[in-house]
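Visitor: Please take me through a model like this one, feature by feature, and tell me how each should be read.

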Amino acid sequence: MRLTRPFRRLSPAERRLWDAYQTGAWVDLRSGDPEADDPANGECWGPERTVRAEVVAALLLGAREPEPGATPGLRLAGARITGNLDLSDAAVGAKLHLLNCHLSGTVDISDAKTQGLRFRGCELGRVRAARSTVDGLLDFDGSALRGLRMDNAHITGQLRLARARVSPPDAADPDLMRFMEDVRRPYSEAERRERGLEDGHRWAVWAGGAVVDGGAFLRGLRATGGLRMVGARFNGGLYLQEASITATRHSALPAAGPEPEPATATATATATAEPTAVEPYGHSGFRESPATSYAVYADFLESSAAEFSAGFTAVGTVRLRGARINGVLSFDRATLEAPDRSLHLSHMQVDELILKPSAIEGEANLGYSRIGVLLDHPAAYPDRVQLNGLTYEALRGPWTVAERLSWVGRDPGGYRPQPYEQLAAWYRRIGHEPDARRVLLAKQREHRGTLRPTGRFWGRLLDVAVGYGYRPWLAGLWAVVLLAAGTAVFSSVPPVKIDPDHVRHFNAFVYTLDLLVPVSVFEQRGAWEPVGWTRWLAWTLVASGWILATALIAGAARVLRPSNAP
């Protein structure tokens, strides 16, 4: 049954769409000329290709009853859709598929429950999908958007933004702000920022708390603004291969002053962004604060896999603090650039981290993360790396021990003992005890630089003598040298007998050995008294004997220590 049209008049294009809806047939308004059909030129399309957004909304909201034996749906190609497409709070039972369409207004599905929505190769304005439920696919492949907000949305299928171009909306909606604020308790500045009422327009994609069951495919995405995905969950994985994300700052932000809170991280997107409103990070000599430079802000993200790889480029910080990745997190062949911190991966849990970027500029932070397998290479890290608290079960990659020691010693805060202990424990676990001792020796040497002068002197003495007990063979070498020197000196300048009546025969080698041993074994030191300057040599031998004995005991304790001890 055909319902009375709720519109006084339908254009020919709208009439075709109205009649095709009941069976879900395609309505193709394209001319066949690729250049003329480019939706970027949709503003120039005439009335023969124009459809009002209210007509589209009316059909999706039940203006026509379904035809028996057919599945209704709205499939439209090459149309210019004017006005705002408002489906907020609605329950939409039919699928929407737009191809190469131009939508000048806002697409709003906030708090709605819909079937699959596809906007392929379209030119869109702002898309609002906060708290919506999409039962199926949410597809923006090849489209251009001026801001996508989908915080706390639930998508049972896939989220697709492959080859899409996303920019931030021009500004926050003043009407929306007016209806969200209680005049009896106005929002504080921090609350306005947290709700996106003040700076949300700087993000290309705002998806905090979103849940995507079928995976998020953002391969080839181009955004000159950040992706804000705090607390988002991607059960089927997050894929950003070949994507390019460039963080931006608002032009009105002062060059100096107090830093905004992390929740105000800026972002803006695509080449269509107006240069007077936003400016790509790093192109003006302006040094932004960390809060305005996030390419990806995804604290506490959960995903079965996350691919920032195969040509992924981020200009601005990639932040995954507290993330949980139940598979592989990959930065293989990625390009990461930021003037301060390029990677913030602290307090994270991940089964395998592949950190092999093609280029990286800016500090990396892996502090207090728990990693199953860490696959990396020496060039994967900048000069400043925070590793304090990092634990891992296995290391993979073409590293030498010297390169790993350089790696754990790059903390911008100075000496940290835990990275050395963790590295030594891993070498011990795989049976490389000499490498573990080398690491712990390097730890003691770095620690020495933090001591007072007396501690540094004693530490240097232990280092030269026996390598802090990690090189006990040095004690034997020093003993041989001192024994040879004492034997030669006391052979040339023999000591005098203390008791002339006691019959004894002097042996320079045995006398020197008796001086070196902490407890007199051959009773030579009590029978002979060195003369002249050789007294200093004798005292030096006695003191050296105590030092070497102490070091040898420490070395033996380290050798006999259980292999699972640090």
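Guide: Helices (H or I, at least four residues) and strands (E, at least two) are DSSP runs, numbered from the N terminus. Just after α2, for instance, G62 takes a positive phi of about 100°. The model is predicted, so that local features need pLDDT of at least 70 and side-chain atom pairs count only at pLDDT 80 or more, while totals for chains, interfaces and linings use all residues. Residues are numbered from 1 along each chain as its sequence is written, and side-chain values use heavy atoms, leaving out hydrogens and water.

Visitor: Which residues of α2 are buried?

Guide: Buried means under 20% relative accessible area, exposed over 50%, and partly exposed in between (1.4 Å probe, protein chains only). In α2 the buried residues are A53, V55, V56, A57, A58, L59 and L60; because these make up 7 of the 8 residues of the helix (residues 53-60), α2 is largely enclosed by the rest of the structure.

Visitor: How is a pair of aromatic rings described?

Guide: The description uses the distance of the centres and the angle of the planes. Rings of Phe, Tyr and Trp (its six-membered ring) pair if their centres lie within 6.5 Å, and planes under 30 degrees apart count as stacked, over 60 as edge-to-face and the rest as tilted. The whole structure holds 14 such pairs, among them the stacked F119 and F140, at 5.4 Å centre to centre with 5° between the planes. F119 lies in strand β9 (residues 113-120) and F140 in the loop between β11 (133-139) and β12 (144-146), so the pair ties together parts 21 residues apart in sequence.
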